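Welcome to this short briefing. Take a look at the structure below, and then we can walk through its ligand site and pockets together.

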Amino acid sequence: MSDMNEIREGEVVAEGLPEPGDAALVFIGRIRTPWTDRSACPRQGDPDGPICRLELAPPWERALVGLDAHETLEVFYWLHRSRRDLLVQRRKKDGLLRGTFSLRSPVRPNPIGTSIARLVGIEGSVVLVRGLDCLDGTPLIDLKPERRR
Ligand code: SAM
């Protein structure tokens, strides 16, 4: 498995950060995708990509009522295998040094990922979608209908 947490030349690590783990997020389930290695995982989801499973933990199934009226969802997840202490990092596509907040890199102080996903179906407590870009087993944080302007 590739080690994407190594530091590359020129990257800057924050000093004196508090221990992570002080926030009180509740994971509502796990995401099942075909990708077990970050090097194989797409950088951003493709609406025509493979079907992925959002497996909700009990009792969240009831919170899905009405979701099937929406074609497109915003999915929020916790990029749990990311390091969280980089201030400056190398941009994946060209290797240029950039501040963390100017990137959509998974390496960030609170590694929240979001994707706009196409709803394929709902089977009990499992939501089937296309358009994700996360590793198999990634914790699920939230689901919302896509925002309309
Ligand atoms: N679409 C989301 C966003 O923009 O907020 C995430 C984009 S991020 C660039 C996607 C990359 O994060 C993947 O290509 C993979 O390298 C990495 N990744 C995916 N799942 C991860 C996880 N659970 N922990 C750490 N890194 C992950």
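Let's begin at the ligand: a backbone N or O atom of Cys 41 lies 3.3 Å from one of the ligand's oxygen atoms. Please keep in mind that this is a predicted model.

- The side chain of Gln 44 places a polar atom 2.8 Å from a nitrogen atom of the ligand.
- Leu 135 takes part through its backbone, with an N or O atom 3.0 Å from a ligand nitrogen.
- On its own the ligand has 600 Å² of accessible area, and the protein covers 98% of this.

**The shell around the ligand**

- There are 19 residues around the ligand, and those that come nearest are Pro 42, Gln 44, Arg 104, Thr 114 and Asp 133.
- Sorted by class, the shell holds 7 nonpolar, 7 polar and 5 charged residues.
- Which strand gives the most to this shell? It is S7, with 3 residues.

**The largest pocket**

- The ligand sits in the largest pocket, whose volume is about 930 Å³.
- Its lining is made up of 37 residues, and Arg 43, Arg 104, Ser 105, Pro 106 and Val 107 lie nearest the centre. Arg 104 is also among the residues that come nearest to the ligand.
- Strand S5 (86-90) and strand S7 (112-123) each contribute at least two residues to the lining of this pocket.
- Of the lining residues, 15 are charged, 12 nonpolar and 10 polar.

**The second largest pocket**

- How much space lies in the second largest pocket? The volume is about 480 Å³.
- The second largest pocket has 21 lining residues, with Leu 17, Pro 20, Arg 84, Pro 109 and Asn 110 nearest its centre.
- Here the lining divides into 12 nonpolar, 5 charged and 4 polar residues.

**A cis peptide bond**

- Pro 58 and Pro 59 are joined by a cis peptide bond, with omega at about 10°.
- As background, most peptide bonds are trans.
- Where does Pro 59 lie? Pro 59 is found in the loop between strand S3 (51-56) and strand S4 (72-78).

Conventions:
Residues numbered from 1 in each chain as written. Predicted model: local features only at pLDDT ≥ 70, side-chain atom pairs only at ≥ 80, totals over all residues. Heavy atoms only, no water. 1 Å grid on protein atoms, 1.4 Å probe; cavity = no way out; pocket = protein on both sides within 12 Å on 5 of 7 lines; lining within 4 Å. Points joined across faces, edges and corners; volume = space filled by probe spheres on them. Helix = DSSP H or I, 4+ residues; strand = E, 2+ residues; numbered from the N terminus. Nonpolar A, V, L, I, M, F, W, Y, C, P; charged D, E, K, R; others polar. Near = heavy atom within 4 Å. Polar contact = N/O pair within 3.5 Å; in protein donor to acceptor, adjacent residues only side chain to side chain. Areas by Shrake-Rupley, 256 points an atom, 1.4 Å probe, with all protein chains shown as cover. Sits in = over half its atoms within 2 Å of the grid points.
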